[in-house]
Amino acid sequence: MISKEKILEVIEGYDKKKLTLATVCSHTSLQLFYSAKQENIRTLGLVTNEAQRKMYDAFPLAKPDEFIDVEDSNKLPEAELAERNSIIIPHGSIVEYAGKALDKLAVPVLGNRNSLLWERDRVKMFEWMRTAGLELPALIDPDKIDRPCVVKHAGAKGGRGYAIVHSPEEFYAKFANQDVMVQEYLIGVRVYPHFFYSPLSKEGYRASDGHIEMLSIDRRFESNIDESYRTVIAGVPIKPSFTVVGNEPLVLRESLLNDVLEMGKDVCEAADKLFGGIPGPFCLELICDENLQFYAFEISARIVAGTNLYPTGSPYSLFAFDEPMGTGRRIAREVKLAAKADKLGKIVY
Ligand SMILES: Nc1ncnc2c1ncn2[C@@H]1O[C@H](COP(=O)(O)OP(=O)(O)O)[C@@H](O)[C@H]1O
Ligand SMILES: [Mg+2]
């Protein structure tokens, strides 16, 4: 992992009036590029193939100011990025495909690079959630599977390849000698709240050394489980799968908002304690059961794809900002505010 000192040195050398927000053209890039333009910040898109570039012809207002071709998402062009005073905005595709290449890159990344290590490793992620005091699904030893369990591979792959097993025999038939985690299957409604932690001001909902905002909430739409009622009614037997296809909006019973805000704060403060905090956007993946008890099964310390529903804001961001404010725009705004106050070092690593 490159040192924070080195990144602070790089940012010190930047022309703060000519910053560029750079990201890989995928995941949440339309939202990020569109929003950065709204905040008058230059944008740079990294493309690995022609199809990625072509998409923006359909969405010209969300096209980056400049494209750079890269051979592979795990070969990010360090010199070109630094020359343009770039800050990398990490998203799910970068975390998944650039992986370890991002650890060494001498270009500032929005947020705390250390969080990538905790996000990448499911065991560490559970330690983080436990430190935050969240209720979690039970982790089950494969030999003791006594209830329906989800078996997950290491790393976020958008739910691909997961399976439900009911017994040790079923587990070993499918997953012998594989690097997986076995969790009890949680029953309830999925809730994915999108937060933003800013260490730049203590106004609002206090957390760590600043405040958190809850900008929006989504629910994922996963194939085939989320349409399975049709399949079942049509008399077609299915094996449930969890491949993310898209997202849909959600608002919560207002009486549940306190719980969700407290969980956001606790996750933020646990990150402080464990690895130096998580400036910027983060998301919790929760299931709320019939007793209105929340269980957490994942944290993403970066922008998540569910925020793509709200490029102009949500029913929640409206009550905090009297202007359209999605997560992409909030990121661009934070960079602008930090640059102005000479505090970029507080929000990048
Ligand atoms: N413990 C669980 N109980 C019930 N459903 C789960 C559980 N964990 C995950 N899921 C379902 O599987 C999907 C993908 O799981 P997740 O751990 O978020 O995968 P990824 O790491 O690919 O993001 C979730 O969005 C949810 O629908
Ligand atoms: Mg997930």
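This is a predicted model: local features need pLDDT of at least 70, side-chain atom pairs count only at pLDDT 80 or more; totals for chains, interfaces and linings use all residues.
Student: Hi! Which domains does the domain assignment give for the chain?

Tutor: Hello! The assignment gives domain 1, made of 4-133 + 188-225 + 246-346, and domain 2, which covers 142-184.

Student: And how many Å separate their centres?

Tutor: The centres of domain 1 and domain 2, taken over C-alpha atoms, are 29 Å apart.

Student: Okay, how many residues of each domain are in contact with the other?

Tutor: On the domain 1 side there are 6 residues, and they are in contact with 7 residues of domain 2. By class, the side of domain 1 that touches domain 2 has 4 charged residues, 1 polar and 1 nonpolar.

Student: Let's look at a sheet. What is the strand order in the open sheet of 3 strands?

Tutor: The order is S6-S5-S7, and the pairing is antiparallel.

Student: Why do S6 and S7 each have one side without a neighbour in the sheet?

Tutor: Strand S6 (163-165) and strand S7 (180-184) stand at the edges, and each has a single partner strand, so one side of each is left without a neighbour in the sheet. From one strand to the next, the twist averages 35°.

Student: How many bridges does S5 have with S6, and how many with S7?

Tutor: Strand S5, residues 149-153, pairs with S6 over 3 bridges in the antiparallel sense. With S7, strand S5 has 5 bridges, and these two run antiparallel as well.

Student: Nice. Is S5 mostly covered or mostly open?

Tutor: Mostly covered: 4 of the 5 residues of S5 are buried.

Student: Which helix lies across those strands?

Tutor: That is helix H9, residues 168-175, which lies across S5, S6 and S7. Helix H9 runs at about 145° to S6.

Student: New topic. Which strands does S12 pair with, S8 for one and what about S13?

Tutor: Strand S8 (residues 189-198) is joined to S12 (residues 280-288) by 7 bridges, and the two run antiparallel. Tyr197 stands opposite Gly280 in S12. S12 also pairs with S13 (residues 294-300) in the antiparallel sense, over 6 bridges. In that pair, Glu285 stands opposite Glu298 of S13.

Student: Last one: where is Asn112?

Tutor: Asn112 is in the loop between helix H6 (101-104) and helix H7 (114-120).

Student: Buried or exposed, and why?

Tutor: Asn112 counts as buried because it has 22 C-beta neighbours inside 10 Å.

Student: Which residues is Asn112 in contact with, leaving aside neighbours within four places in sequence?

Tutor: Those contacts are Phe275, Gly276, Gly277, Ile278, Pro279 and Tyr349. Take Ile278: Asn112 and Ile278 are 166 residues apart in sequence, yet their C-alpha atoms are 5.6 Å apart in space.

Terms used: Residues are numbered from 1 along each chain as its sequence is written. Chains are lettered from A and ligands numbered from 1 in the order in which they are written. Two strands pair if DSSP finds at least two bridges between them. Axes are lines fitted to C-alpha atoms, for helices over the stretch in contact, and angles run from 0 to 180 degrees between N-to-C directions. Two residues are in contact if their C-beta atoms, placed from the backbone, lie within 7 Å. Domain bounds come from an automatic or database domain assignment. Ala, Val, Leu, Ile, Met, Phe, Trp, Tyr, Cys and Pro count as nonpolar, Asp, Glu, Lys and Arg as charged, and the others, Gly among them, as polar. A residue is buried if 20 or more other C-beta atoms lie within 10 Å of its own, exposed if 12 or fewer, and partly exposed in between; C-beta atoms are placed from the backbone.
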